[in-house]
Amino acid sequence: MASVQPQPLQVERVSGPGSPSASADGVVDPFPEKFGRLLDTIRGNRPTDDLEIIRRAWQFCLEHHKGQRRASGEPYVLHPLEVAIVLAEMKLDSTAIAAGLLHDAVEDTPVTTEDIVARFGEQVAHIVEGVTKIDKIQFANREDRQAENVRKMLLAMVSDVRVVLIKLADRLHNMRTLEHLSPERQRSIARETLDIYAPLAHRLGMGKLRGELEDLAFRYVDSITWEQLNEAVEARRSEGEQFLAGVEALLVEKLRENHIKARVEWRIKRLFSIHQKLVKSQTSIDQVYDLLALRVITTSVQDCYAVFGLIHSIWRPVPGRIKDFIAMPRPNLYQSLHTTVMGEGGHQFEVQIRTEEMHRIAEEGIAAHWKYKDGGSPISARDEQRLAWVRQLVEWQRDMSDPNEFLSTLKIDLFPEEVYTFTPKGKVVVVPRDGSPIDFAYAIHTEVGNTCVGARVNGRMVPLRTRLRNGDIVEVITQNGHTPSRDWLTFVKSSRARNKIRHWLNEHQRERAIEIGRKLLEREARKYKIPLSQFEESDFARLANEYSVATPNDLMAAIGFGKYSARQVLNRLAPGLVHQQPEPEAATAPGAAAVTRVSATSGSDSLIVEGQNELLVYRARCCNPIRGEEIIGYVTRGKGVAVHARNCPNVQNLLYESDRRIAVEWARAPEVKSGPTQTYPVKLTIHCDDRAGMLKEITAVISDEEANIRTVETHPGDAGDALIEFVLEAEDLRHLNRLVQGLRRLPGVRDVQRSQKL
């Protein structure tokens with residue numbers, strides 16, 4: 001597509017507020033007031049920035065998105081304009097805002113990257129390219145596409161973090177207008193937001209944006225829980241606001257008496273944050289101690305600690321609820337003092353104390369220090385610390401051939417809860433919550449982790465799977481020649497340790513698998529008196545291509561892992577010489593993936609596994625997937641194919657050997673049902689009020705959904721609550737979701753969770 005020379009946008013105001021405007025070449029601007037607000041915001045935040053590039057980008061946007069509509073029916077250009085407004089409110093520079101206006105041009109119009117370069121320069125084009133999705137590449141499934149899109153975005157982010165800031169602004173506006181999409185798309189986008197984009201905002205220190213993303217997504221991911229929680233919070237809001245207003249007035253008076261300059265604000269905890277706490281602690285909303293929170297913003301660090309002491313002199317602190325993130329900042333550079341205190345009437349509330357600078361960092365994160373200079377470094381040294389984890393992740397991803405493995409690693413690394421430990425010499429080492437001495441060892445150096453044989457914590461020898469706590473002094477014991485163990489993957493928490501262990505195992509176990517595969521093929525060839533020496537290297541290369549692997553060594557490794565049988569491979573290599581019936585896949589085109597139905601244990605007759613008629617298939621007991629769930633297959637030595645739910649916690653521990661992953665899917669259900677419907681056992685744990693008639697109401701809902709109850713156990717609690725565990729028979733995921741939603745609607749039911757392990 002030929003590039004068009006830039007023409008400045010000349011807007012003629014048409015009478016009437018909000019009326020469309022037209023440029024000199026006839027392009028209608030349907031949102032002149034919004035665009036004017038964008039320019040005013042940029043002038044207010046960055047008065048020296050050049051607005052001409054913004055005007056040209058908006059005209060380009062109007063030209064090339066002309067006639068396009070969003071799902072809401074509004075002109076499509078409203079979306080890039082709203083994204084640009086979000087970026088302007090972040091106080092980003094004109095280059096970033098222009099790229100925000102153009103972020104969908106390459107993806108959704110005939111415009112090319114070369115056109116963007118010609119009109120707006122290399123820098124804008126690089127940012128737009130980083131934000132653009134990889135839609136023209138064919139992927140096996142949606143997860144692979146998602147993983148590669150995120151990988152591409154993070155790679156671009158390493159050289160210019162504005163890429164991810166535009167992507168976050170894009171996602172924020174999409175979430176604000178999500179009601180116009182189908183329920184399935186709503187849940188999918190909301191789930192991705194909770195898994196990737198909200199945690200990404202957290203790692204960049206952007207607390208305000210993260211909070212809005214989480215609350216918007218929560219409403220679509222679990223609408224019933226959102227409604228119940230929103231109703232519970234609103235019922236307490238009036239009393240809570242009245243209480244906090246009184247606390248604020250008292251504290252302001254005490255600050256004035258002690259000559260401390262500070263401002264005080266308060267808030268009620270966000271819904272998604274409350275939900276996370278309730279799920280984690282299995283308590284009721286009345287036991288969420290930081291539901292009410294006060295924030296004191298001072299002018300200096302010294303005043304922070306003065307306010308800290310003053311608050312404890314007014315209200316009694318709750319033991320174990322004091323945190324000093326000023327002395328020990330979080331990895332995203334968040335700093336604040338936290339304490340929970342007891343007010344009048346037994347009300348507990350949290351107080352956060354920070355300086356104005358700390359507050360800006362907590363709310364805006366990396367966008368708080370945006371200092372672009374002509375020809376200078378795009379970000380400050382402090383902001384480089386925030387991106388260190390991204391650079392490490394990009395380094396580790398070179399060892400990952402599987403995009404899903406990359407995405408899972410990213411999810412683990414995006415939202416860590418940190419534990420601060422020390423070396424014997426006093427150096428601080430940050431490991432994830434529940435991290436082990438192995439995580440500690442790999443945080444120091446890869447070789448220290450690989451050769452770790454033991455550890456002393458606070459002077460005592462401990463097992464390697466010991467969970468570290470804040471303040472632990474850890475000494476790692478190493479031994480030359482020692483190597484990582486596969487068992488370590490079951491308890492390490494950090495992505496660094498996990499990836500280093502996987503890489504070592506993959507390299508060394510692959511060598512062993514190649515050797516085993518070659519020996520199995522030779523043994524099979526001897527059985528049929530076929531000398532392998534008669535075949536050229538090109539024959540094995542052709543065979544590898546037919547099995548869709550890169551090299552003959554990859555094929556030998558697949559045989560060694562048990563993914564392919566030696567007899568099948570030999571029959572392909574020497575057709576007609578092996579005395580057996582041809583394989584079903586032999587009739588297909590070279591390289592085509594044949595699909596064979598495999599029957600084995602209960603429930604496996606509804607599963608289809610790629611390519612092998614000699615392998616058994618069974619549902620893994622650790623997660624017991626049911627029809628309709630996303631699944632993944634893993635070749636186990638001597639047992640066939642284990643089928644796991646994709647979200648099974650064991651999947652990532654198993655799939656470090658990508659050669660043993662195999663495609664599986666649910667067979668299509670017959671349109672006409674003959675005989676009894678196949679069901680799957682599912683365990684549900686219901687947290688509810690302990691009252692008369694509760695069990696009867698729950699079983700009535702289960703009966704209405706025509707689900708059979710296999711077993712039921714009740715466990716009364718200490719606070720008027722109870723846990724009831726059911727093992728039910730569900731036909732598929734839809735049937736299970738209807739059951740769960742019906743149970744959650746019951747008065748007195750606090751939470752319903754599925755336990756994957758029976």
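A nonpolar surface patch of about 210 Å² is formed by L695, I709 and V712, where patches are made of residues with over 30% relative accessible area and no salt bridge, nonpolar side chains (Val, Leu, Ile, Met, Phe, Trp, Tyr) being joined within 5 Å and like charges within 9 Å. A salt bridge here is a side-chain nitrogen of Lys or Arg within 4 Å of a carboxyl oxygen of Asp or Glu, and accessible areas come from the Shrake-Rupley method with a 1.4 Å probe, with only the protein chains shown counting as cover for residues. I709 belongs to strand β22, which spans residues 708–716, and it counts as partly exposed because its relative accessibility is 30% (buried means under 20% relative accessible area, exposed over 50%, partly exposed in between, with a 1.4 Å probe and protein chains only).

The model is predicted, so that local features need pLDDT of at least 70 and side-chain atom pairs count only at pLDDT 80 or more, whereas totals for chains, interfaces and linings use all residues. Residues are numbered from 1 along each chain as its sequence is written, and side-chain values use heavy atoms, with hydrogens and water left out.

The average pLDDT (the predictor's confidence in each residue, from 0 to 100) is 78 for the protein, and 77% of the residues score at least 70. Over residues 1–19 the pLDDT stays under 50, and the model has 38 contacts (heavy atoms within 4.5 Å) for this stretch beyond four places in sequence.

Of the 758 residues of the protein, 51% count as buried, and the protein exposes about 36,200 Å², of which carbon and sulfur atoms supply 49%.

Key
Helices (H or I, at least four residues) and strands (E, at least two) are DSSP runs, numbered from the N terminus.
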